[in-house]
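This report describes selected side-chain contacts and surface features of the structure shown below.

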Amino acid sequence: MQTLGWYYRRLRAMSAGEVAWRVQASLCDRLDRLLVGRRQQPRPPAEILEGDGNTPGFRFCTLGVGEWERANALDDVRREWRHALLEKAEKIAQHRLSFFD
């Protein structure tokens, strides 16, 4: 276990948004443990969709399938993000993984 000073410095290094996200995630984890302990279904980790057989039955983001393919309609920030994402995906496909990047 870390020292109290370590936790204090770590907390000071976090943004307010990160602290809020971590508190929310911790509460959600505790709720899931409580539900499982009572033999109830925990909440789903992703948005569940009605699948039609052509699309997955879940989604982790609000973008539709294939929406990134219309790169010409995207602004510069999204285009750069898409390019970086495709580069990382290509490295993964070539089994060149970096766990600390």
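## Salt bridges

Arg22 forms a salt bridge with Glu18, with the closest N and O atoms 2.9 Å apart; a salt bridge is a side-chain nitrogen of Lys or Arg within 4 Å of a carboxyl oxygen of Asp or Glu. Both residues lie in helix H2 (residues 16–37), 4 residues apart, about one turn of the helix. Helices (H or I, at least four residues) are DSSP runs, numbered from the N terminus.

Glu18 also forms a salt bridge with Arg10, where the closest N and O atoms are 3.3 Å apart. The count comes to 2 salt bridges, and Arg10, Glu18 and Arg22 are linked in a network.

## Basis of the model

This is a predicted model, in which local features need pLDDT of at least 70 and side-chain atom pairs count only at pLDDT 80 or more, while totals for chains, interfaces and linings use all residues. Residues are numbered from 1 along each chain as its sequence is written, and side-chain values use heavy atoms, with hydrogens and water left out.

## Accessibility of the network

## Aromatic pair and nonpolar patch

A search of the whole structure finds 1 aromatic pair. Trp6 and Tyr7 form this edge-to-face pair, at 5.0 Å centre to centre and 85° between the planes; rings of Phe, Tyr and Trp (its six-membered ring) pair if their centres lie within 6.5 Å, and planes under 30 degrees apart count as stacked, over 60 as edge-to-face and the rest as tilted.

Tyr7 is placed in helix H1 (residues 4–13). Met1, Leu4, Trp6 and Tyr7 form a nonpolar surface patch with about 570 Å² of accessible area together. Patches are made of residues with over 30% relative accessible area and no salt bridge, like charges being joined within 9 Å and nonpolar side chains (Val, Leu, Ile, Met, Phe, Trp, Tyr) within 5 Å.

Note on methods
Areas by Shrake-Rupley, 256 points an atom, 1.4 Å probe, with all protein chains shown as cover. Helix = DSSP H or I, 4+ residues; strand = E, 2+ residues; numbered from the N terminus.
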